[in-house]
Amino acid sequence: MLEIVHYPHPALRWKSKPIQRIDAELRKTVEEMFELMYEFKGIGLAANQVALPYRLFIVNPTGDPDENDQEIVFINPEISRRKGSIEGEEGCLSLPDVYGQVRRANDIVVDAFDLSGQSFQYTLDDLPGRVVQHEYDHIDGVMFFDRMQPEGLEEIQTKIDDFEHLFRQSQQSGETPADDELKKQLKTLEH
Ligand code: ZN
């Protein structure tokens with residue numbers, strides 16, 4: 001059973017490897033990721049956020065499970081063009097209830113593969129463009145607050161520190177494995 005990991009789980013600092021094979025197991029993973037994303041009211045979720053070191057993320061900009069025609073699965077995505085720049089608010093399911101202003105490209109072109117192995121290309125802006133850039137960062141081990149301006153970051157630093165503290169506490173109590181063990185698990189899961 002997959003679960004969403006919180007910062008500073010090492011999976012969130014992992015540069016994930018391309019997916020080599022699209023099979024039934026991967027389709028099952030994607031299905032579970034959509035369930036988790038909707039359960040926690042997200043509009044995007046990356047494999048790193050469920051502690052899987054894959055270059056994969058899912059998006060539904062509506063966040064509404066009834067609008068499943070808006071679901072997009074990005075496998076081995078590449079952002080090939082970034083144009084313009086715009087600031088907007090972002091949050092993250094791996095850092096619940098923490099929000100900050102992040103500058104992103106206004107327009108992007110993204111290439112990826114879908115679950116049937118078919119390649120596709122989207123030109124995106126507005127919210128879908130922002131979500132894709134946020135999720136793309138996750139598969140490179142980058143958090144949204146890494147891209148915040150110092151003033152904004154300062155405002156949320158205490159909340160980030162609280163998550164750090166909670167995570168270390170749960171490791172000390174033995175509830176969560178130590179970083180070395182978690183990294184070993186991630187290494188094993190790489191294709
Ligand atoms: Zn996120």
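**Note on the predicted model**

1. The protein chain has four helices and seven strands, where helices (H or I, at least four residues) and strands (E, at least two) are DSSP runs numbered from the N terminus. Along the sequence they come in the pattern α-β-β-β-β-β-β-β-α-α-α.

2. This is a predicted model, in which local features need pLDDT of at least 70, side-chain atom pairs count only at pLDDT 80 or more, and totals for chains, interfaces and linings use all residues. Residues are numbered from 1 along each chain as its sequence is written, and side-chain values use heavy atoms, with hydrogens and water left out.

3. The zinc ion is coordinated by C92 (SG), H134 (NE2) and H138 (NE2), at 2.0 to 2.3 Å. Donors are N, O and S atoms within 2.8 Å of the metal (3.2 Å for Na, K and Ca); water is not among the atoms, so sites may look incomplete. Along the chain the zinc donors follow the spacing C-x41-H-x3-H. C92 lies in the loop between β4 (86–90) and β5 (100–104) and H134 in helix α2 (residues 126–139), so that the pair, 42 residues apart, links distant parts of the chain.

4. Of the 191 residues in the protein chain, 48% are buried.

5. Contact means heavy atoms within 4.5 Å. Among contacts between residues at least 6 apart in sequence, 65% join residues at least 24 apart.

6. The C-alpha atoms of the protein chain fill a box of roughly 45 × 40 × 30 Å, taken along the principal axes.

Definitions and conventions:
Buried < 20%, exposed > 50% of the residue type's maximum accessible area, 1.4 Å probe, protein only.
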